[in-house]
Amino acid sequence: NSTFHCRSTRWCVHIKFCVGIFFLYFLKYFSEIVIKDIKLKNSQIVAFGSTRKPNSNVNEDINIKSLLSAETDVVSIFGKSWGFQVTDILKTTLDENLEMIRDTIEYLVEKNKKVIFDAEHFFDGYKENKEYSIMTLKVAKDAGASRLVLCDTNGGTLPNEIFEITSEVVNRFGNIIGIHCH
(Lines give C-alpha, C1' and ligand atoms only; values in the text may rest on other atoms or scores of the structure.)
Protein backbone atom coordinates (compact mmCIF):
# COMPACT_ATOMS: atom_id res chain seq x y z
CA ASN A 1 0.00 0.00 0.00
CA SER A 2 1.53 3.31 -1.09
CA THR A 3 -0.78 5.50 0.98
CA PHE A 4 1.13 7.88 3.24
CA HIS A 5 -0.25 8.60 6.69
CA CYS A 6 1.07 11.40 8.88
CA ARG A 7 1.60 10.34 12.46
CA SER A 8 1.67 13.89 13.83
CA THR A 9 0.13 17.16 12.78
CA ARG A 10 3.47 18.92 13.19
CA TRP A 11 5.17 16.51 10.78
CA CYS A 12 2.36 16.90 8.20
CA VAL A 13 2.57 20.68 8.38
CA HIS A 14 6.35 20.45 7.88
CA ILE A 15 5.92 18.21 4.83
CA LYS A 16 3.28 20.50 3.32
CA PHE A 17 5.51 23.53 3.96
CA CYS A 18 8.49 21.84 2.25
CA VAL A 19 6.38 20.82 -0.75
CA GLY A 20 5.08 24.41 -0.96
CA ILE A 21 8.61 25.84 -0.86
CA PHE A 22 9.73 23.38 -3.55
CA PHE A 23 6.77 24.42 -5.72
CA LEU A 24 7.61 28.12 -5.33
CA TYR A 25 11.26 27.52 -6.29
CA PHE A 26 10.15 25.41 -9.26
CA LEU A 27 7.71 28.13 -10.34
CA LYS A 28 10.42 30.77 -9.98
CA TYR A 29 12.81 28.67 -12.11
CA PHE A 30 10.09 27.93 -14.64
CA SER A 31 9.07 31.56 -15.03
CA GLU A 32 12.63 32.92 -15.13
CA ILE A 33 14.26 30.32 -17.35
CA VAL A 34 11.85 28.11 -19.22
CA ILE A 35 9.02 30.47 -20.21
CA LYS A 36 11.35 33.12 -21.57
CA ASP A 37 13.32 30.59 -23.64
CA ILE A 38 10.41 28.74 -25.26
CA LYS A 39 9.29 30.01 -28.64
CA LEU A 40 5.82 28.71 -29.54
CA LYS A 41 4.09 29.23 -32.87
CA ASN A 42 0.50 28.16 -32.23
CA SER A 43 0.33 27.74 -28.46
CA GLN A 44 0.68 29.73 -25.27
CA ILE A 45 1.88 28.78 -21.83
CA VAL A 46 -0.92 29.36 -19.32
CA ALA A 47 -0.61 29.66 -15.55
CA PHE A 48 -3.30 27.55 -13.86
CA GLY A 49 -4.73 27.89 -10.37
CA SER A 50 -7.79 28.47 -8.25
CA THR A 51 -9.78 31.52 -7.24
CA ARG A 52 -8.79 33.31 -4.06
CA LYS A 53 -9.55 31.51 -0.82
CA PRO A 54 -12.88 32.15 0.96
CA ASN A 55 -13.08 35.29 3.11
CA SER A 56 -9.67 36.56 2.07
CA ASN A 57 -8.23 39.48 0.14
CA VAL A 58 -7.34 38.63 -3.46
CA ASN A 59 -4.19 40.76 -3.49
CA GLU A 60 -2.86 38.90 -0.43
CA ASP A 61 -3.66 35.37 -1.66
CA ILE A 62 -0.45 33.31 -2.08
CA ASN A 63 -1.94 31.30 -4.95
CA ILE A 64 -2.80 34.45 -6.90
CA LYS A 65 0.67 35.89 -6.21
CA SER A 66 2.21 32.67 -7.54
CA LEU A 67 0.11 32.83 -10.70
CA LEU A 68 1.24 36.39 -11.34
CA SER A 69 4.87 35.47 -10.68
CA ALA A 70 4.69 32.97 -13.54
CA GLU A 71 4.61 36.01 -15.87
CA THR A 72 2.34 34.38 -18.44
CA ASP A 73 0.00 36.44 -20.58
CA VAL A 74 -2.87 34.03 -19.90
CA VAL A 75 -4.11 32.69 -16.57
CA SER A 76 -6.67 29.91 -16.22
CA ILE A 77 -8.65 30.07 -13.00
CA PHE A 78 -10.84 27.26 -11.73
CA GLY A 79 -13.77 28.03 -9.49
CA LYS A 80 -16.63 25.98 -8.13
CA SER A 81 -19.87 25.86 -10.12
CA TRP A 82 -21.67 23.27 -8.02
CA GLY A 83 -23.36 24.38 -4.81
CA PHE A 84 -22.47 21.14 -3.03
CA GLN A 85 -18.76 21.74 -3.69
CA VAL A 86 -19.05 25.32 -2.45
CA THR A 87 -20.89 24.59 0.81
CA ASP A 88 -19.54 21.14 1.72
CA ILE A 89 -15.97 21.22 0.37
CA LEU A 90 -14.97 24.91 0.43
CA LYS A 91 -17.18 25.45 3.50
CA THR A 92 -18.38 28.83 2.32
CA THR A 93 -21.56 30.42 1.01
CA LEU A 94 -22.78 30.51 -2.56
CA ASP A 95 -22.56 34.31 -2.52
CA GLU A 96 -18.97 34.26 -1.23
CA ASN A 97 -18.05 31.83 -4.02
CA LEU A 98 -19.43 34.25 -6.61
CA GLU A 99 -17.37 37.03 -5.01
CA MET A 100 -14.27 34.80 -5.10
CA ILE A 101 -14.77 34.30 -8.84
CA ARG A 102 -15.44 38.00 -9.46
CA ASP A 103 -12.58 39.31 -7.29
CA THR A 104 -10.02 36.92 -8.74
CA ILE A 105 -10.86 37.54 -12.38
CA GLU A 106 -11.17 41.31 -12.00
CA TYR A 107 -7.82 41.43 -10.18
CA LEU A 108 -6.04 39.41 -12.86
CA VAL A 109 -7.61 41.44 -15.66
CA GLU A 110 -6.44 44.62 -13.89
CA LYS A 111 -2.94 43.07 -14.03
CA ASN A 112 -3.33 42.81 -17.83
CA LYS A 113 -3.90 39.06 -17.87
CA LYS A 114 -6.20 37.27 -20.28
CA VAL A 115 -8.32 35.03 -18.05
CA ILE A 116 -9.90 31.66 -18.80
CA PHE A 117 -12.50 30.55 -16.26
CA ASP A 118 -12.69 26.79 -15.67
CA ALA A 119 -16.14 26.18 -14.17
CA GLU A 120 -15.22 23.22 -11.99
CA HIS A 121 -17.95 20.58 -11.52
CA PHE A 122 -20.12 22.52 -13.97
CA PHE A 123 -22.20 19.65 -15.35
CA ASP A 124 -22.98 18.16 -11.92
CA GLY A 125 -23.84 21.62 -10.65
CA TYR A 126 -25.99 22.38 -13.67
CA LYS A 127 -28.02 19.22 -13.12
CA GLU A 128 -28.55 20.12 -9.45
CA ASN A 129 -29.05 23.91 -9.69
CA LYS A 130 -28.95 25.25 -13.22
CA GLU A 131 -29.43 28.88 -12.18
CA TYR A 132 -26.44 28.91 -9.83
CA SER A 133 -24.09 27.21 -12.28
CA ILE A 134 -25.09 29.69 -14.98
CA MET A 135 -24.59 32.53 -12.48
CA THR A 136 -20.94 31.47 -11.94
CA LEU A 137 -20.39 31.79 -15.70
CA LYS A 138 -22.15 35.16 -15.85
CA VAL A 139 -20.07 36.52 -12.97
CA ALA A 140 -16.86 35.26 -14.61
CA LYS A 141 -17.78 36.80 -17.97
CA ASP A 142 -18.84 40.10 -16.42
CA ALA A 143 -15.57 40.21 -14.44
CA GLY A 144 -13.60 39.95 -17.68
CA ALA A 145 -12.98 36.27 -18.43
CA SER A 146 -12.36 35.83 -22.16
CA ARG A 147 -13.25 32.12 -22.17
CA LEU A 148 -15.61 30.02 -20.07
CA VAL A 149 -14.78 26.33 -19.81
CA LEU A 150 -17.44 23.86 -18.68
CA CYS A 151 -15.75 21.10 -16.68
CA ASP A 152 -17.05 17.57 -16.27
CA THR A 153 -14.77 17.21 -13.27
CA ASN A 154 -16.21 13.90 -12.04
CA GLY A 155 -16.39 12.44 -15.55
CA GLY A 156 -19.89 11.08 -15.10
CA THR A 157 -21.88 13.17 -17.56
CA LEU A 158 -23.18 11.22 -20.55
CA PRO A 159 -22.38 12.46 -24.08
CA ASN A 160 -25.99 13.38 -24.83
CA GLU A 161 -26.16 15.41 -21.59
CA ILE A 162 -22.92 17.21 -22.44
CA PHE A 163 -24.31 18.03 -25.89
CA GLU A 164 -27.64 19.34 -24.54
CA ILE A 165 -26.17 21.37 -21.69
CA THR A 166 -23.27 22.77 -23.74
CA SER A 167 -25.64 23.75 -26.55
CA GLU A 168 -27.84 25.63 -24.10
CA VAL A 169 -24.84 27.43 -22.58
CA VAL A 170 -23.40 28.33 -26.00
CA ASN A 171 -26.78 29.76 -27.02
CA ARG A 172 -26.67 31.99 -23.95
CA PHE A 173 -22.98 33.05 -23.93
CA GLY A 174 -21.84 32.65 -27.53
CA ASN A 175 -18.60 31.28 -28.87
CA ILE A 176 -16.50 31.84 -25.76
CA ILE A 177 -17.41 28.38 -24.39
CA GLY A 178 -15.10 25.39 -24.15
CA ILE A 179 -15.43 22.06 -22.37
CA HIS A 180 -13.04 20.01 -20.26
CA CYS A 181 -14.02 16.37 -19.76
CA HIS A 182 -12.48 13.64 -17.64
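The accessible surface of the chain comes to about 11000 Å², and 55% of this area belongs to carbon and sulfur atoms. The model is a predicted one. Of the 182 residues in the chain, 40% are buried. Contacts between residues at least 6 apart in sequence were also examined, and 75% of these join residues at least 24 apart.

The chain contains seven helices and five strands. In sequence order, these elements follow the pattern α-β-α-β-α-α-β-α-α-β-α-β.

Strand β4 spans residues 147-152 and pairs with two other strands. On one side of the description stands strand β3 (residues 114-120), which runs parallel to β4 and is joined to it by four bridges. Within this pairing, isoleucine 116 lies opposite arginine 147 of β4. The pairing of β4 with strand β5 (residues 177-181) is likewise parallel and comprises five bridges. Here valine 149 is placed opposite glycine 178 of β5. Helix α7 (residues 159-173) belongs with β4 and β5 to a β-α-β unit, and this unit is right-handed. Strand β4 is largely enclosed by the rest of the structure, because five of its six residues are buried.

Two loop residues were considered individually. Threonine 72 is located in the loop between α2 and β2 (74-80). The relative accessible area of threonine 72 is 4%, so this residue is classed as buried, the cut-off being under 20%.

Lysine 53 occupies the loop between β1 (46-50) and α2 (62-69). When residues up to four places away in sequence are not counted, lysine 53 touches Asp61 and Met100. The C-alpha atom of lysine 53 is separated by 9.1 Å from that of asparagine 97, a residue 44 positions away along the chain.

Notes. Residues numbered from 1 in each chain as written. Predicted model: local features only at pLDDT ≥ 70, side-chain atom pairs only at ≥ 80, totals over all residues. Heavy atoms only, no water. Contact = heavy atoms within 4.5 Å. Buried < 20%, exposed > 50% of the residue type's maximum accessible area, 1.4 Å probe, protein only. Pairing = 2+ DSSP bridges. Right-handed = clockwise from strand over helix to strand, strands pointing away. Areas by Shrake-Rupley, 256 points an atom, 1.4 Å probe, with all protein chains shown as cover.
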